[in-house]
Amino acid sequence: MAYVVSSPGSCGEFIQGYAEGSSFMVTCPIDRFSYAFSGFEGDGETLPPKAYSAVEKTMAYLGEEKRVPLKLKSHILKGKGMASSTADISAACQAAALACGRKLSEREIAAIALSIEPSDATFFKGVVQFDYREGRLIREMGLCPTMQILVYDCGGEVDTMLFNSRNDLVDLQKSNEAKIKEALSLFKEGIRLQSLDLIGRAASMSSFANQKILYKKPLEDFYHLGLEQGGKGVICAHSGTVLGLILPMEKDAMAVKNFLDKEMKGRISFLDLVHITNQGMQCRKCDIHDFEKL
């Protein structure tokens, strides 16, 4: 039986830093996905190295020796801080397990993913606070209210593994601890009240705190111009190059985009208009024709 597994990417992280004794992120899952297809007859395809490693490690974890062919497809930009690797890895893990008649839990997938690289946790349902170094789910935050996010790129690429191996990273995060704890408290209240205003304030606070760790020159102007147009705050890829403007669903996002494009004068590049997703990883029966249409 053939299956397709979808796993979401992200627009950076709502919050990332150090508090409560660990480095953590608060996930920002979006409706852009990686898809892994398994359980079909015939040959698979040559997978990217991290997805290939995910399949190998899944087979070892399950104690399986058979070869599992897979196909992988992604609609997530790479090297921008949009969890493209996490989406590939998590989808490949689950697809390989399904081909063996097994289904992995989110925590099992997290453990395999963390054995490959520091990972996001967008494959969990809803929004979670996740220790991305130790692979520990700190708390399930709940379901995020609906929102639009205008995603922009500051340029360049960031290698996640190199970034997270910086010797000064944890010390810099600890220097932001008071701000990050405040942002986390605001965010929890925002989820409880389903308030875009509080969530936007929390995300903006974390984005600006991260400037001493990974500076984004357009952030200040992007933030103020976005709020002028009815935005609720900014999200950043704390170890990537993207910025996102949070907008209510009733806002004309493309009118805001046109305004930002004009005012930012090429200092930042529009990438996508996305929406928050709470669905986490999804699995369903599928044939090759359905997969090819994704």
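Student: Which residues are linked with Glu20 in a network of salt bridges?

Tutor: A salt bridge is a side-chain nitrogen of Lys or Arg within 4 Å of a carboxyl oxygen of Asp or Glu. In this structure, Glu20, Arg139 and Lys188 form such a network. Before going further, note that the model is predicted: local features need pLDDT of at least 70, side-chain atom pairs count only at pLDDT 80 or more, and totals for chains, interfaces and linings use all residues. Residues are numbered from 1 along each chain as its sequence is written, and side-chain values use heavy atoms, with hydrogens and water left out.

Student: Where in the chain do Glu20 and Arg139 lie?

Tutor: Helices (H or I, at least four residues) and strands (E, at least two) are DSSP runs, numbered from the N terminus. Glu20 and Arg139 meet in a salt bridge with an N to O distance of 3.4 Å. The pair links distant parts of the chain, with Glu20 in the loop between S1 and S2 and Arg139 in strand S5, 119 residues apart. The bridge between Lys188 and Glu20 has an N to O distance of 3.9 Å. Lys188 belongs to helix H6 (residues 177–193) and Glu20 to the loop between S1 and S2, so this pair ties together parts 168 residues apart in sequence.

Student: How many salt bridges are counted, and which residue does Asp261 pair with?

Tutor: The count comes to 13 salt bridges. Asp261 pairs with Lys257, the closest N and O atoms being 2.8 Å apart. Because these two residues are 4 apart in helix H9, about one helical turn separates Asp261 and Lys257. The general idea is that an α-helix has 3.6 residues a turn, so residues three or four places apart point the same way. Asp261 is partly exposed at 28% relative accessibility, whereas Lys257 is buried at 17%.

Student: What should I look for in the backbone angle phi?

Tutor: Most residues other than glycine have a negative phi. Glu20 has a positive phi, near 55°. Lys265, also not a glycine, has a positive phi of about 50°. Lys265 is placed in the loop between helix H9 (253–264) and strand S9 (269–275), and Lys265 is exposed at 65% relative accessibility.

Student: Which residues does Tyr132 contact?

Tutor: Contact means heavy atoms within 4.5 Å. Tyr132 sits in the loop between S4 and strand S5 (136–142) and is buried at 2% relative accessibility. Leaving aside neighbours within four places in sequence, the contacts of Tyr132 include Gln16, Ser23, Leu114, Asn164 and Gln173.

Student: What joins the side chains of Tyr132 and Gln173?

Tutor: They are joined by a polar contact of 2.9 Å. A polar contact is a pair of N or O atoms within 3.5 Å; within protein, one must be able to donate a hydrogen and the other to accept it, and residues adjacent in sequence count only if both atoms are side-chain atoms. The side chains of Ser23 and Gln173 are joined by a polar contact of 2.7 Å. Ser23 lies in strand S2 and is buried, with a relative accessible area of 6%.

Student: Which residues of helix H3 are buried, and what covers them?

Tutor: In helix H3 (residues 106–114), the buried residues are Ile109, Ala110, Ile112, Ala113 and Leu114. Their cover includes helix H1 (49–62), helix H2 (84–99) and strand S4 (127–131).

Key. Buried means under 20% relative accessible area, exposed over 50%, partly exposed in between (1.4 Å probe, protein chains only).
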